Amino acid sequence: MMNEVIENSLFKKNPIRFQELRKYVKEFNASYNGSNIIQDDIFSVARNYVAKNDKHLELLRLPIKDDDFCAFTCVRNGELFTVLNSALPLCKQNFAAGHELYHIWRYISDQDDSLPHSGSLLTAEDMDETTATQEDMEANAFSALLLVPVAALNEQIDVYGLDRKNLGLDAVVRLMDIFAVPFKAMVLRLFEEGILDKHATIMLLQQGTSENLSRSMQHQNIALRWQKRTTDIIDMGFLPVLLQQNQEANLLPERRITEDEQSLEEMNAWLSRK
């Protein structure tokens with residue numbers, strides 16, 4: 001099982017494509033993020049990218065009580081919509097947003113025209129580095145390269161004086177805290193950059209049980225913020241604003257406005273249920 005994380009990675013399956021994505025992500029970062037470590041600014045980065053390409057992204061964060069559902073993206077009437085499950089740990093939301101940003105990037109840069117027809121659905125299995133599809137492998141690689149750029153990774157290893165030749169679980173948890181990504185994604189990035197060899201990577205993946213990770217986080221008092229399930233976040237994007245604008249401009253009949261308000265209230269009530 002742990003070996004699948006390596007074998008099902010783009011780095012292993014298609015190293016040429018991985019290196020292409022590395023170059024594209026470096027250019028993307030320079031244009032839409034700069035030298036910042038992104039963390040949960042990934043949501044702003046995605047909106048910024050779409051806006052700078054003269055399109056609009058409705059990015060909705062909704063607490064859906066299903067750990068298997070991570071995110072989906074679709075195109076309707078030329079508008080981009082991405083829904084992220086805010087009931088997931090925040091580090092997984094970050095990674096899912098980066099994954100969906102790959103599909104959006106491919107669509108906007110005219111590399112792929114499938115998004116308007118079939119959309120993109122991200123499940124836990126696809127995000128957990130065990131996917132077998134080329135597209136999801138590429139999206140996972142894109143997200144990881146974007147959230148954990150090599151220059152920042154090497155810099156932070158040196159800043160915290162981490163031993164490159166003997167990176168243990170506590171050191172990986174430290175890096176998880178810095179880059180706000182899931183454990184497997186962090187370990188795989190270290191493998192991709194040659195900081196971990198295959199044996200050390202498999203050993204760390206075996207050690208990375210939820211109990212061991214929780215113990216390390218508690219002991220070091222780090223990374224816990226990125227494990228928080230933000231079930232209190234219900235972000236409807238611009239939908240409430242658009243409803244208000246329609247009402248103020250008399251663009252819709254009063255009956256339709258009332259129905260739309262009721263629909264939003266019902267959705268909020270359903271998402272807020274305990």
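Four helices, α5 (90-108), α7 (124-130), α11 (183-192) and α13 (210-220), each supply at least two residues of the lining of the largest pocket in this predicted model. Helices here are DSSP runs (H or I, at least four residues) numbered from the N terminus. The largest pocket holds about 470 Å³ of space, and of its 23 lining residues, Lys92, Asp128, Pro182, Phe183 and Leu213 are the closest to its centre. A pocket is an open set of points on a 1 Å grid over the protein atoms alone where a 1.4 Å probe fits, with protein on both sides within 12 Å along at least five of seven lines, and lining residues have an atom within 4 Å of a point. The lining divides into 13 nonpolar, four polar and six charged residues.

Aromatic rings come next. The whole structure contains 11 aromatic pairs (ring centres within 6.5 Å; planes under 30 degrees apart are stacked, over 60 edge-to-face, the rest tilted). The rings of Phe69 and Phe72 lie with centres 6.1 Å apart and planes at 50°, so this pair is tilted. Phe69 is buried at 15% relative accessible area, while Phe72, at 31%, is partly exposed (buried is under 20%, exposed over 50%, partly exposed in between, with a 1.4 Å probe and protein chains only).

Residues are numbered from 1 along each chain as its sequence is written. Local features need pLDDT of at least 70, side-chain atom pairs count only at pLDDT 80 or more, totals for chains, interfaces and linings use all residues, and side-chain values use heavy atoms, with hydrogens and water left out.

Note on methods:
Rings of Phe, Tyr and Trp (its six-membered ring) pair if their centres lie within 6.5 Å; planes under 30 degrees apart count as stacked, over 60 as edge-to-face and the rest as tilted. Grid points are joined across faces, edges and corners, and a volume is the space filled by probe spheres set on the points. Ala, Val, Leu, Ile, Met, Phe, Trp, Tyr, Cys and Pro count as nonpolar, Asp, Glu, Lys and Arg as charged, and the others, Gly among them, as polar.
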